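Dear colleague,

I am passing the structure below on to you, and my notes on what was found in it follow directly after it. Please read them with the coordinates open beside you.

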Amino acid sequence: METLSALLTFWHEQAGKLGEQTLQHIGLTAGSLLLGVLLGVPLGLFLSRKPRWAPAVLGVAGVLQTVPSIALLGFLIPLMGIGPKPAIFALFLYSLLPIIRNTLEGIRGVPPAVVEAARGLGLTDGQVLRRVELPLALPVLMAGIRTATVINVGVATLAAYVAAGGLGEFIFGGIALNNPVMILAGALPAAGLALAFDALLGGVQKLSTRRLGQVGAALLVALPLLGGLYLLPRATGRLLAGFSPEFVGRADGLPGLTKSYGLTHLPSVVLAPALVYEAARNANVDVIDGYSTDGRIRAYGLRVLRDDRRVFPPYYAVPVVRPALLREHPELTAVLAKLDNQISDSVMTDLNYRADYLHQPPKAIAEAFLRRRGLWLAPRPAVAGAPVVKLGSKIFAEQYILAEMYAALIRGNTDLAVETKTGLGGTTICFEALRDGAIDMYPEYTGTGLLVLLQPQPAVVDSLGGQPAAVLNYVRAEFRRRFGLEWLAPLGFNNTYALLMRGQQAQQLGIVSVSDLGGYLRR
Amino acid sequence: MPDPQPPVIRASRLHKAFGAHAVVRDVSFEVAAGETLVLLGPSGCGKTTLLKMLNRLIEPDGGTIEINGENVLTQRPELLRRGMGYVIQQVGLLPHYTVAENVAVVPRLLGHAPAAIAARTTVLLTRLHLPPDRYAGQLPHQLSGGQQQRVGLARALAADPPIVLLDEPFGALDPITRASIRREFRELDELRSKTVVLVTHDVTEAFELADRIMLLDAGQIQQLGTPRELLFRPASDFVHRFFAAERLALQLRTLTLGDVFRDNETEFPKDSFRAETTVHDALEALTGPASAPAPPFTMAQLMAGFGAALQREEDAWKR
């Protein structure tokens, strides 16, 4: 009940966005489906005439179908950039297999006697196709299109990762923020769309066979129109922003920023976190959210806009551990403390640069760093049956590097075995893994602990005033009390949210701080 | 016997192989206007392939086919086929068309006026015992097998083509339905004037319907002639053996009262006992319930005469 009312409230507040995303979603689905039908049906017909080719073509379409959607989008972005193009193309590829296969099967299912009789009566090949084969194959063909539609409505949620909009914006924002209401706000309309599309096409299928032809033609006209929904004019401005879903939804992200700096004239698209930097570099977007220690800032010539009103809370990296680990292995306390205050912002940015831009493996980066600081010790020989320390990390390079540093320190200084569970996705996955004991430790950020995991009343956040020490003390005490987990000492750097622009553009426009940006947009 | 008219169909030296397997070998024949030619033979003898060459569903590897003196290769296949009725064993009605629409397919292709098509459909369905009021609007799957084949026949005749090709048209029907449809088929006025080529492996059917029979084996003509010639003057041992199983039945259907009572010049005043009446039909009439027109002979006379007639045929052949 509570969820329901929260959901209704969310929809009410975000009605404009909901409508826009739904239209985009319909547009993406219909546009890709149209392409799928335009290529898939003729291809299926071709295969019915040249069955020799069928295994090869169906094989390729089947392989395309098995490529995970995120991976497919990843392949397409270097080729097609971000926005609707790669999204529609990916959806189009996914719709091919069911459409081609059902066209082929539909034609194959027409009784040979009927075709022979029709030819024997004097129908031309084209007439046999139009009057006999297609009408009789249409139910199977339509079933293929229905399958493709339902697949596409589902996969179209991923379009939110490449700035193509759609209901995925809510869904991925909700996942990033561990906000079930927000997930539902996108997932329910998406499911509704799938059902509606399916019911609509199901209704079409039930029509008498002879009218199916007309309706099929009508669909060919309607799909581009629906696809055109996507092209409805969207808000435009002097600059375009590209934000990750998490940033758009969290209180200290875009909403806080908009409130404090009055960034009202900044239209934005939503992008996968992994893509925002590329998008800024390629000038697909002008302003992005990022992390102040990201290696790509250096690699791509981006500039961090100064957060002069202190909207972004401090995000100091601190290892969070299960206290049992230190109780059972007291020698670890000193080992883990070797990294206390060892890594500054610029050092971390450099380490990240090596990973993100120079593509050095995290393990090598960690080892080189430890050697420079004189902390490196060769791993001790493995002891059979030694207890295992399980290190976790979120799914980005900085966390991989930190996990490898701790792994190397533990291997060099103790007889314990180490298992790294890197790439545990987002904050909530790591946090839950730590609580469950699936991992013993992972690096967390003070701001994340405060706003994502503890979610205190706004008054509490205000009272902390963005002071690094106050925030750390608060999360440490609260984690101890509520979860029985321990925050150790900070590593030194503050990987906070940041607004970034291309350095050259920022210089041209004279933008140094977020206030400058707000001023420029209002001008 | 010189033909007054040129043949409607003239096939010469037809040859067809599928891969290394020759299914039609050096086959030549002619069909006269209004004649019914039955292609008869065991499975795989090439009779269906031969039929499909006539409307170019299969193209021969060698040889020529002329229809009314014109080589079929000079015509577009579709136009050629619209001038020939075509009936197949599986019927092949268009399942999404009603009975009336199925019948109207070819006239529509030929651009006939809708009113004329409707009138023609009504006539044909009525004649084939499918009252249009009841059946015209039905879909093929609502009909029995026999009814479907009647519609198939009506469809083949709808545009009144001078030539009708039939590929085992009654093969998929149960024996009783088959016999009754065959009778209707034989008595159908529409077919009287048409040149018909019919494929069957059913010997009785061939004898019942054929003016002439072409007996095929392994792609070659074994004998081409009237039923009487094939039965009483077989060209080879194969032909002779082919009719062995049903010889008596065929003889009863082939010999007529004219053959049996040739010498004593019996008068046949009644319609049911004419010179052309087969012995088989006369026997049927004699064994049935006593009929009003008394036959001018007894069953013993009939059978004795039948025996004598058989003997004459045998003697004539052996001589």
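**A buried glutamate and its partner**

Glu169(A) is buried, at a relative accessible area of 8%, where buried means under 20% relative accessible area, exposed over 50%, and partly exposed in between (1.4 Å probe, protein chains only). The model is a predicted one, in which local features need pLDDT of at least 70 and side-chain atom pairs count only at pLDDT 80 or more, while totals for chains, interfaces and linings use all residues. Residues are numbered from 1 along each chain as its sequence is written, chains are lettered from A and ligands numbered from 1 in the order in which they are written, and side-chain values use heavy atoms, with hydrogens and water left out.

Glu169(A) forms a salt bridge (a side-chain nitrogen of Lys or Arg within 4 Å of a carboxyl oxygen of Asp or Glu) with Lys17(A), the closest N and O atoms being 3.6 Å apart. This pair links distant parts of the chain, since Glu169(A) belongs to helix H8 (residues 168-177) of chain A and Lys17(A) to helix H2 (residues 15-49) of chain A, 152 residues apart; helices (H or I, at least four residues) and strands (E, at least two) are DSSP runs, numbered from the N terminus. Lys17(A), at 31% relative accessibility, counts as partly exposed.

**Other salt bridges**

Over all chains the count comes to 39 salt bridges. In helix H23 of chain A, Arg481(A) and Glu478(A) lie three residues apart, about one turn of the helix, and their side chains meet at 2.8 Å, N to O; Arg481(A) is exposed, with a relative accessible area of 61%, whereas Glu478(A) is buried, with 13%. In chain B, the side chains of Arg228(B) and Glu313(B) meet in a salt bridge at 3.2 Å, N to O, and this pair too links distant parts of the chain, with Arg228(B) in helix H11 (residues 227-232) and Glu313(B) in helix H16 (residues 299-318), 85 residues apart. A network of salt bridges in chain B includes Arg178(B), Arg182(B), Asp202(B) and Glu205(B).

**Chain A and one of its threonines**

Chain A has 25 helices and ten strands, and of its 523 residues 54% count as buried. Thr446(A), found in helix H21 (residues 446-454) of chain A, is buried at 1% relative accessibility. The side chain of Thr446(A) reaches the backbone oxygen of Pro314(A) at 2.9 Å, and, leaving aside neighbours within four places in sequence, the residues in contact with Thr446(A) (heavy atoms within 4.5 Å) include Tyr315(A), Val318(A), Leu472(A) and Trp487(A).

**The interface between the chains**

The contact takes 24 residues from chain B and 18 residues from chain A. The area buried between the two chains is about 1,800 Å², of which carbon and sulfur atoms give 61%; buried area is the accessible area (1.4 Å probe) that two parts lose on being put together, summed over both. Of the area that chain B buries against chain A, Arg81(B), His96(B) and Leu109(B) supply 29%, more than any other three residues. Across this interface the rule finds one salt bridge, in which Glu116(A) pairs with Lys52(B), the closest N and O atoms being 3.4 Å apart. On the side of chain B that touches chain A, the elements that give two or more residues are helix H2 (77-82), strand S6 (84-88) and helix H4 (105-109) of chain B.

Definitions and conventions
A polar contact is a pair of N or O atoms within 3.5 Å; within protein, one must be able to donate a hydrogen and the other to accept it, and residues adjacent in sequence count only if both atoms are side-chain atoms.
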